[in-house]
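Below is a set of questions and answers on a single-chain model, meant to be read with the coordinates open. Each answer works towards the value or name asked for.

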Amino acid sequence: MEEKKEELEKDKIEGLQEEIYKEEPKRKILVVDDEKQIVDILVYNLQKEGYETLEANDGEEAIKIALEQKPDLILLDIMLPKIDGLTVCKRLRHTLSVPILILSAKDEEIDKILGLELGADDYITKPFSVRELVARVKANLRKAEIDNNQAENVEEQKKPANTITIGDLTINLDKFEVMVRGEVIDLTLREFEVLRYLANQPGQVVTREILLEKVWGYEYYGDIRTVDVTVRRIREKIEKDTSSPKILITKRGVGYYLATN
């Protein structure tokens with residue numbers, strides 16, 4: 001009798017666990033690539049990690065699916081039929097704020113700069129390690145969730161303007177807005193996050209690895225050139241002379257810091 005009762009209790013607990021598991025929404029990832037073999041590999045590994053996947057094989061299809069299904073993250077190849085990946089990225093960034101990870105066989109600096117400038121959150125070069133790619137997917141999803149929660153908290157709390165001012169640089173943490181010498185600068189969210197992190201410790205040198213961990217959410221995986229490219233884009237927007245920066249400074253061989261005077 002006791003054994004029967006224990007079995008019933010066990011079945012009840014397992015049933016409740018199944019219901020809880022069912023209620024948890026799966027993160028949805030859109031995989032965009034015209035090479036079926038790559039799509040199959042990515043879909044298999046992402047589903048193994050518990051993600052729901054969507055597939056698109058050209059740029060037009062990618063835009064249509066992304067706008068209709070609103071995935072939580074997009075893996076986007078550059079070389080696509082009909083509409084290229086960079087154009088897809090630019091169009092989607094106007095309406096979606098989800099992380100976009102560019103996939104490309106190209107490793108030229110100009111492609112990385114263009115991808116980040118058009119709103120991509122990360123850039124992964126083929127051939128890539130599936131383990132590394134999955135780690136970057138997790139890191140970008142985790143970072144997006146943190147950013148969304150912070151934005152919601154700011155909106156709910158309705159605090160007075162919360163700003164950091166360092167020399168000519170003013171960062172409005174509530175509006176996610178940066179001003180240089182009184183002029184509002186148009187930055188991507190990732191560029192803003194880099195400045196915000198550095199502004200919280202002005203004058204202190206921060207390594208590229210620390211920036212990858214704290215801003216991009218990577219603990220080990222990640223290309224530090226992603227940091228360099230992002231810093232270069234920030235400088236083009238906030239410095240009078242990028243060859244002799246006065247605000248965002250490089251400590252050669254170490255990292256970056258914000259000048260305090």
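## Reading the predicted model

Q: Which residues of helix 8 (residues 208–216) are buried?
A: The model is a predicted one, and a residue is taken as buried when its relative accessible area is under 20%. By that cut-off, the buried residues of helix 8 are R208, L211, L212, V215 and W216.

Q: Within what arc do the buried residues of helix 8 fall, seen down its axis?
A: The buried residues of helix 8 line one face of the helix, because in the view down the helix axis they fall within a limited arc. Just after the helix, G217 takes a positive phi of about 90°. The arc that holds the buried residues of helix 8 is one of 105°.

Q: How many residues does the largest nonpolar core have, and which element gives the largest share of it?
A: In soluble globular proteins, nonpolar side chains tend to be buried together. Here the largest nonpolar core has 29 residues, and L169, I171, V178, L195, I238, L248 and L258 are those with the most contacts inside it. The elements that give two or more residues to this core are strand 6 (163–166), strand 7 (169–172), strand 8, helix 7, helix 8, helix 9 (225–238) and strand 12 (255–258). Of the 29 residues, the largest share, five residues, comes from helix 7.

Q: Which residues is L258 in contact with, leaving aside its neighbours within four places in sequence?
A: L258 is among the residues with the most contacts inside the largest nonpolar core. With its neighbours within four places in sequence left aside, L258 is in contact with I166, L169, L195, L198, A199, P202, G203, I247 and L248.

Q: Which element gives the most residues to the lining of the largest pocket?
A: The largest pocket holds about 950 Å³ of space, and of the 34 residues that line it, R93, S97, D121, T188 and L189 lie nearest its centre. Two or more lining residues come from each of helix 5 (109–117), helix 6 (130–157), strand 8 (177–180), strand 9 (183–185) and helix 7 (189–199). By class, the lining divides into 16 nonpolar, five polar and 13 charged residues. The element that gives the most to this lining, with eight residues, is helix 6.

Q: What is the volume of the largest cavity, and which residues line it?
A: The count comes to one cavity of 30 Å³ or more. The lining of the largest cavity has two nonpolar, two polar and three charged residues. The volume of the largest cavity is about 50 Å³, and its lining residues are L116, A120, D121, T188, R190, E191 and T230.

Q: Is D122 buried or exposed, and what is its relative accessible area?
A: D122 lies in strand 5 (residues 122–125). Leaving aside neighbours within four places in sequence, D122 is in contact with I100, L101, I102, L116, R136, N140, Y218 and T226. D122 counts as buried because its relative accessible area, under the 20% cut-off, is 0%.

Q: What distance separates the C-alpha atoms of V134 and N45?
A: V134 has its place in helix 6 and is buried, with a relative accessible area of 8%. Although V134 and N45 are 89 residues apart along the chain, the separation of their C-alpha atoms is 7.9 Å.

Q: What are the phi values of K70 and R181?
A: K70 lies in the loop between helix 3 (59–69) and strand 3 (73–77), and at 53% relative accessibility K70 counts as exposed. R181 has its place in the loop between strand 8 and strand 9, and at 41% relative accessibility R181 counts as partly exposed. Neither residue is a glycine, yet phi is positive, near 50° for K70 and about 55° for R181.

Terms used. Residues numbered from 1 in each chain as written. Predicted model: local features only at pLDDT ≥ 70, side-chain atom pairs only at ≥ 80, totals over all residues. Heavy atoms only, no water. 1 Å grid on protein atoms, 1.4 Å probe; cavity = no way out; pocket = protein on both sides within 12 Å on 5 of 7 lines; lining within 4 Å. Points joined across faces, edges and corners; volume = space filled by probe spheres on them. Nonpolar A, V, L, I, M, F, W, Y, C, P; charged D, E, K, R; others polar. Buried < 20%, exposed > 50% of the residue type's maximum accessible area, 1.4 Å probe, protein only. Helix = DSSP H or I, 4+ residues; strand = E, 2+ residues; numbered from the N terminus. Arc of directions from axis to C-beta. Core = buried A, V, L, I, M, F, W, Y, C linked by side-chain atoms within 4.5 Å. Contact = heavy atoms within 4.5 Å.
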